[in-house]
Amino acid sequence: MEFLIDRFNPEVDEKPHVQRFVLEDCDIGGDMMLLGALEKLREQDPTLTFRSSCKEGVCGSDGMNVNGQNRLSCITRVSELTSPVVIKPLPGLPVIKDLVIDMELFYQHYRDVKPYLQPAPKDLDHEILQTPEEREKLDGSYECILCGCCSTSCPSFWWNPDKFHGPAALLAAHRFVVDSRDITTRDRLEALDDPYKTFRCRNIQNCTASCPKGLNPSRAINELKSMMLAKQLD
Amino acid sequence: MTNLDAIDTFHFDVVIVGAGGAGLRSALELSKSDQQVAVVSKVFPTRSHTVAAQGGINAALGNITEDNWHWHMYDTIKGSDYLGDQDAIEFMCREAIEIVRELEHFGVPFSRTDEGKIYQRPFGGQSRHFGESQATRTCAAADRTGHAILQTLYQQNIHAGTSFFDEYFAIDLVLDDEGNVGGLVVLNIQTGQVQLLRSHVVMIATGGACQLFKTNTNAKINTGDGLGMVLRAGLPLQDMEFWQFHPTGVANKGMLLSEAARGEGGVLRNADGEAFMVKYAPHVKDLASRDVVARAIAIEVKEGRGCGPKKDHVLLDLTHIDAEVIKKRLPGIRDIGLTFLGLDMCDAAIPVYPTAHYMMGGIPTNLKGQVVTLDEVGKPQSVKGLYAVGECACVSVHGANRLGGNSLLDIVVFGRAAAKDIVHNLETKPVDHFDKTLNLSKAAERLNRWAQPQEKNHKTETIAEIRHDLQVAMQVGCGVFRNEESMQSLLKELEVLQDRLDLVRLHDHSNAFNLERLEAFELENLMGLATATVYSALARTESRGAHSRVDFTERDDENWMKHSLYFLENHQLRYKPVTTKPLTVETFPPKARVY
């Protein structure tokens, strides 16, 4: 199987170039994941660089663009890919080296939405009660692993990476807006009510199509928009 | 020789190495107390291995059935096979109730009962009334509890303004001439720059190290970097013979299938379809403690009742459970089955086998998280300015075997306790100034070792090859079962591996994101742990908890109710007694462990 991988070493390269790798079929087991294949390719060339940690799709380290689609290498089965496998870093953010991108802007948007619960004063003798129905509203938002696959597949984020929060940060914002324990819902919605931060979302749905956890940031953003609208009406 | 005198220097009150649950819980407490705290992590914090914890966190909240911290304490001591320190265990179990509620206030999205309280599920080794009936004590956010806790703690740290050094690798502790801690030398992974972080206190929170074994549930990053630093600083590691093999890793792959699967009703079956745990633990069956279940599976396979063409695993069967319950309570592990095996556990049993999961041993500490060593006469003595919390620390609440649901608890309880002690000390005692002379030679030596070029036309073998051989050797020689012979031959193998490692030169000497150099540093740390493990395990001539010797099958309380302390210098082993006196209640004396 053939792999065409973007290479970029800031110490010697002016711009990225493609390197061709080959893995013999006998080295590829039927259940091998792309991360396993990349590790084998590292044995051929130890300078090949990518992030990884948990190996099972829960930590979000190894987002990359594979045959045109953003995915996590550790849960992408090699046998389901067509050869040659074209691997690039997640698009739209600066490349540090090979498949490793600089996610600082992505994290900055995350921090900007105040992604932390702000509840009423605490009473450690009791948990804050939350009905199963209230808790269910968090399903689909809290599971985000911050891999960046969604935001880096979003054309609106590519055009305005410094102004549009992007789907991942907005999903996090949604998670706290709908949490029955948070008492700052109104402030949160006001802060998001901005032509760039939220309303640059054009419902393109690339975010939802690329989420490796099967989450639906697009729907969450639409919910935020509706809540803002409702707020203006009352 | 690399000159480290002129490198960039930063100053903090406290530097924490590691951004998992323990490091982040500590950092939060310190930041909220207005201490200048820096968290150094080789990965972005939410990539830490805490994220992979599935089943939950124990606390005797009594939200489902009546419960009591004293029963939790009894279960933990019994689970530890009486090697756990009873004062530390009492402390942890008492704190559990408040600290879980605190996590809930921080925003952890726990699953809920119909009354709106935190959902709890039964887990292995849990009982009510000191062994009478099964307890329901593990607080859960579906089967993503670690993810929920780690993300929440990171979020609260953003709120508190903690400084993060993301993607920095800790090379070595730096000490002054009197052996006191003065900071840390770190490598910026993104740029290759070396920096000195001066601080009054260094806290090690680098998590587990099951990358020492070929098949494991751990993230790639779990290489025991903090433990390696401690060994090189001349300090001991405690109880390194005790490594937990989780009963239900995906066979031949290792991914964890949470004990929650059995807590929700899952059953283990052998090739005859027999639910075999009834033979090994007649009362609680599949919810016996992990060492018991792991050995039972290994025995079933060894005696020819394994499943599959190679008869090398057993099956975890959830097919009798309502599919909606599986989807709601165990969505993450159902995903693992679908992704890695193409099997939906709603309709198919899943192949499982014990896999290396958790390190019970680690850096010896007291209840305040202060690192402890022994003085010349064998008296425990804390090391000034050095703390350790989380899986890398050994306080010891898990003794010879950890109960499911107690690891997330350990990290937050002792993370918070250590931070409180640091705050108290920084506020009440005068601290040395930052201008003391620090000895950077150890760090420089490590950096220089891996800067040596390949000789012309002479390629050496790779880091990956040696790491692979180390992992296989450890699994074969010191796995679920071990004996004198397997470990003696392992010891010889480790010497050969060390010789091979000494000859290795890196192919890649670039600065930015040099993974090969990183893996070399990690492998050095793993080698240190391997030696500590084998020397400690060879000396302990008994079977206790996860340390199961074929040649000494019984527990020997007369000779071995003590903690092993391994020092790198001359592979010296020293011992300290188990603390059998709790803080406020009566001692639980050792007795036969029946489940």
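Helix α5 of chain B, residues 225–232, is mostly covered, with 8 of its 8 residues buried. The structure described here is a predicted model. The buried residues of α5(B) are B:D225, B:G226, B:L227, B:G228, B:M229, B:V230, B:L231 and B:R232. Just after α5(B) comes B:G234, whose phi is positive, at about 85 degrees.

**Helix α3 of chain B**

B:I97 has its place in helix α3, which covers residues 86–106 of chain B. B:I97 counts as buried because its relative accessible area is 17%, under the 20% limit for that class. Setting aside residues up to four places away in sequence, B:I97 touches B:A59, B:A60, B:L61 and B:W69. B:G265 lies 168 residues from B:I97 in sequence, and the C-alpha atoms of the two are 25 Å apart in space.

B:E102 also belongs to helix α3 of chain B. B:E102 is buried, with a relative accessibility of 9%. Apart from its neighbours within four places in sequence, B:E102 has contacts with A:L124, B:R25 and B:R416; one of these partners, A:L124, belongs to chain A.

**Salt bridges**

Over all chains, the count of salt bridges comes to 53.

| Residue | Partner | N to O distance |
|---|---|---|
| B:R295 | B:D291 | 3.5 Å |
| B:E303 | B:R305 | 2.8 Å |
| B:D557 | B:R555 | 3.0 Å |

B:R295 and B:D291 both sit in helix α8 of chain B, residues 290–302, where they are 4 residues apart, about one turn of the helix. An α-helix has 3.6 residues a turn, so residues three or four places apart point the same way. Both B:R295 and B:D291 are buried.

In the salt bridge between B:E303 and B:R305, B:E303 is exposed, since its relative accessible area is 52%. In the pair B:D557 and B:R555, B:D557 is partly exposed at 27% relative accessibility, and B:R555 is likewise partly exposed, with a relative accessible area of 22%. Salt bridges with shared partners link B:D81, B:E241, B:D291, B:R295, B:R540, B:E542, B:R544, B:R555, B:D557 and B:R593 into one network.

**A patch of negative charge**

On the surface, A:E24, A:D25, A:D27, A:E43 and B:E465 gather in a patch of negative charge. One member of the patch, A:E24, is found in the loop of chain A between β2 (17–22) and α1 (34–44). A:E24 is partly exposed, with a relative accessible area of 48%.

**Chain A as a whole**

Chain A contains 8 helices and 7 strands. The C-alpha trace of chain A spans about 60 × 40 × 30 Å along its principal axes. Of the 234 residues in chain A, 54% are buried. When contacts in chain A between residues at least 6 apart in sequence are considered, 64% join residues at least 24 apart.

Chain A exposes about 10000 Å², of which carbon and sulfur atoms supply 51%. The charged side chains of chain A comprise 28 positive and 36 negative ones, and the centres of these two sets lie 4 Å apart.

Conventions
Residues are numbered from 1 along each chain as its sequence is written. Chains are lettered from A and ligands numbered from 1 in the order in which they are written. This is a predicted model: local features need pLDDT of at least 70, side-chain atom pairs count only at pLDDT 80 or more; totals for chains, interfaces and linings use all residues. Side-chain values use heavy atoms; hydrogens and water are left out. Helices (H or I, at least four residues) and strands (E, at least two) are DSSP runs, numbered from the N terminus. Buried means under 20% relative accessible area, exposed over 50%, partly exposed in between (1.4 Å probe, protein chains only). Contact means heavy atoms within 4.5 Å. Patches are made of residues with over 30% relative accessible area and no salt bridge: like charges are joined within 9 Å, nonpolar side chains (Val, Leu, Ile, Met, Phe, Trp, Tyr) within 5 Å. Accessible areas come from the Shrake-Rupley method with a 1.4 Å probe; for residues, only the protein chains shown count as cover. A salt bridge is a side-chain nitrogen of Lys or Arg within 4 Å of a carboxyl oxygen of Asp or Glu. Lys and Arg count as positive and Asp and Glu as negative; His and the chain ends are not counted. The place of a charge is taken as NZ of Lys, CZ of Arg, CG of Asp or CD of Glu.
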